[in-house]
Amino acid sequence: MTDAPELQMFGWLVFAVGVAVIIISELPRKSQVRSPTRRISGVLSGLVFCLLAGVVLWPNASSTTQKILAAAAVAAGALSWYLGRHTKRMDRMANMK
C-alpha cells in the first residue's frame with residue numbers, strides 16, 4: 001500500500017466515521033430501550049470501519065498484517081449482520097438463564 005496523503009486523509013475520515021458509529025450505538029436514548037444485542041451489533045459495525053481504516057492508515061505493515069485486518073473487518077461485519085438480524089432471538093436466549 002502506498003502512503004499517499006490523500007489516502008491517509010481518507011483513512012482518518014473512515015476511522016472517524018467508525019468511532020462515530022460506535023458512539024452513536026452506545027449513547028442511551030430516552031424514547032426507546034435498546035437491547036444489549038443491538039448495541040453489540042452497532043459496536044461491531046463501527047469496528048468494521050475502524051479496521052478497514054487501519055489498512056489504509058498503516059501502509060508500512062506487512063501484507064500478512066493487512067490481510068488480518070481485512071479478514072477481521074469481514075468477520076466483524078458478518079457477526080454484526082447476524083446479530084442485527086437475530087436480535088430478538090438472542091435477547092430471548094440471554095433472558096432465559
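I began with Phe15, which has a relative accessibility of 31% and therefore counts as partly exposed. The model I am reading is a predicted one.

Next I looked up Trp12. Its relative accessible area is 51%, so I noted Trp12 as exposed; the cut-off for that word is over 50%.

Where do Trp12 and Phe15 lie? I found both in helix α1, three residues apart, which is about one turn of the helix. I kept a general point beside this entry: an α-helix has 3.6 residues a turn, so residues three or four places apart point the same way.

I then searched the whole structure for aromatic pairs and got one.

I turned to the two helices, α1 (residues 5–26) and α2 (residues 36–57). Their axes come within 8 Å and cross at roughly 170°. Because of that angle, I wrote down α1 as roughly antiparallel to α2. I also sorted the residues of the contact between α1 and α2: 15 are nonpolar, seven are polar and two are charged.

Does the span of α2 agree or disagree with its number of residues? With 22 residues at 1.5 Å a residue, α2 should span 32 Å. I found its end C-alpha atoms 31 Å apart, so the span agrees.

Last, I listed buried residues of α2. Among them are Thr37, Ser41, Gly42, Leu44 and Gly46. Further along α2 the list includes Val48, Cys50, Leu51, Ala53, Gly54, Val55 and Val56.

How values were computed
Residues numbered from 1 in each chain as written. Predicted model: local features only at pLDDT ≥ 70, side-chain atom pairs only at ≥ 80, totals over all residues. Heavy atoms only, no water. Axes fitted to C-alpha atoms, helices over the stretch in contact; angles between N-to-C directions. Helix = DSSP H or I, 4+ residues; strand = E, 2+ residues; numbered from the N terminus. Parallel < 35°, antiparallel > 145°, perpendicular 65-115°, else oblique. Nonpolar A, V, L, I, M, F, W, Y, C, P; charged D, E, K, R; others polar. Expected span 1.5 Å × (residues − 1). Buried < 20%, exposed > 50% of the residue type's maximum accessible area, 1.4 Å probe, protein only. Phe/Tyr/Trp six-rings, centres within 6.5 Å; stacked < 30°, edge-to-face > 60°.
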